[in-house]
Amino acid sequence: MAKTYVINCGDQLRIEAEAITWIEPGDTAKYLGVTHSPWIKKVKYDPTEHLRSWCSKLGRAPLKGRQKLLLLSQHVLPKLRYRLANSDPSKVVLAGLDSVSREYTKRWMNLSTCVSSAFLHCSVQDGGVGLPSLATEVPLDKIGSMLWLDGSQDGHVKRLAKAIGIEDELETACRRWEIQRPTKKMRSVVNEIRQKRRVEWENLGSQGPRGPYWRKCRASNGWMRRDVLSEGEHTVALQLRTNTYPTREAMSRGRKGGNVMCRRCGQSVETLGHITRQCLAVKCNRIKRHNKVCGILVSAT
Ligand SMILES: [Zn+2]
């Protein structure tokens, strides 16, 4: 037998003297940025398509790559994060959204497709790009708000939490996103995740072996957010940091039989270390660079 629904035709509900606006059965209403409907499952929303559309518009804007990344990180993703935290996205959908944001970030910053995800999501103070990860943040937002409800000392909130079965919801959410129910403050959980990302990037032999030097080093990471380098210099700096600058060694990774010897001296494998510290053919440039750095330091003091 088909379900029968009764539409409330009684007196309009009021908060003090103010009447609450009805919406028709087929309509939706936006409240605090989230679309609600009497038929929850019928509100079709594709966050991946939404993010792609935003990124595509951002990509066409006459802005520098870094400015696009800043808008994505500080406006687009937080807006989407809020909306997702108030809906029920799957783990696959969240991973797909992170993949889209990384794809556009690499495109805008002219980075190689092989640049590690851990580097992009690693915080700026740890030497990474600081791109927010929805796959990490949305589940934590949801679980954090449930924990807050569960642990509230307010009598009304306690009764509400019990009435909606917050304990069961919490268990289901932890199972769904395959994370352990946090037993400590959410801030500690976030710090643990941050540390995990950093270690993941640092353990990548080809891209992150120098990561520990940049950990919490403001002098080494300040250029990531400040407008001190030109667009081209910024891209090269990111390539150098991730060891993806197109040296012969970098370009031959995963391939066999290519010539990896230095194009200038031919004496050693063309790696970043060889070019910046050993190659005799660029010794003069190295000295000039050293003197230029000394000049900048002297003029800054
Ligand atoms: Zn050389």
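1. Is Tyr 104 buried, partly exposed or exposed? Tyr 104 counts as buried because it has 22 C-beta neighbours inside 10 Å. The cut-offs go like this: 20 or more other C-beta atoms within 10 Å of a residue's own means buried, 12 or fewer means exposed, and in between means partly exposed, with C-beta atoms placed from the backbone. Tyr 104 sits in helix H3. Setting aside neighbours within four places in sequence, Tyr 104 is in contact with Cys 55, Gly 59 and Leu 72; a contact needs two C-beta atoms, placed from the backbone, within 7 Å.

2. Some ground rules before going on. This is a predicted model, where local features need pLDDT of at least 70, side-chain atom pairs count only at pLDDT 80 or more, and totals for chains, interfaces and linings use all residues. Residues are numbered from 1 along each chain as its sequence is written.

3. Now the whole chain. The protein chain has 14 helices and four strands; these are DSSP runs numbered from the N terminus, with helices (H or I) of at least four residues and strands (E) of at least two. Its radius of gyration is 26 Å, well over the 19 Å that the globule rule gives for 301 residues, so the chain is more spread out than a compact globule. (That radius is taken over C-alpha atoms, and the rule is 2.2 Å times the number of residues to the power 0.38.) Along the principal axes, the C-alpha atoms fill a box of roughly 90 × 50 × 40 Å. Buried residues make up 22% of the 301 residues.

4. Next, the largest nonpolar core, which has 26 residues. Such a core is a set of buried Ala, Val, Leu, Ile, Met, Phe, Trp, Tyr and Cys residues joined through C-beta atoms within 7 Å. Leu 72, Leu 80, Phe 119 and Leu 134 have the most contacts inside this core. At least two core residues come from each of H1 (47–60), H2 (65–85), H3 (91–108), H4 (117–121) and H5 (134–151). H2 gives the largest share, six residues.

5. H5 deserves a look of its own. With 18 residues, H5 reaches 25 Å from its first C-alpha to its last, close to the 26 Å expected at 1.5 Å a residue; the expected span is 1.5 Å times one less than the number of residues. Among the buried residues of H5 are Leu 134, Val 138 and Met 146. The buried residues of H5 pack against H2, H3 and helix H7 (166–176). Leu 134 touches Leu 77, Leu 80 and Asp 98, among others, not counting residues up to four places away in sequence.

6. Most residues other than glycine have a negative phi. Glu 16, however, has a positive phi near 55°, and lies in the loop between strands S1 (14–15) and S2 (18–19). Glu 16 counts as exposed because it has 4 C-beta neighbours inside 10 Å. Asn 110 also has a positive phi near 55°, in the loop between H3 and H4.

7. Last stop: Leu 272, in helix H13 (residues 272–278). Leu 272 counts as partly exposed, with 16 C-beta neighbours inside 10 Å. Leaving aside neighbours within four places in sequence, its contacts are Leu 240, Asn 243, Tyr 245 and Thr 247.
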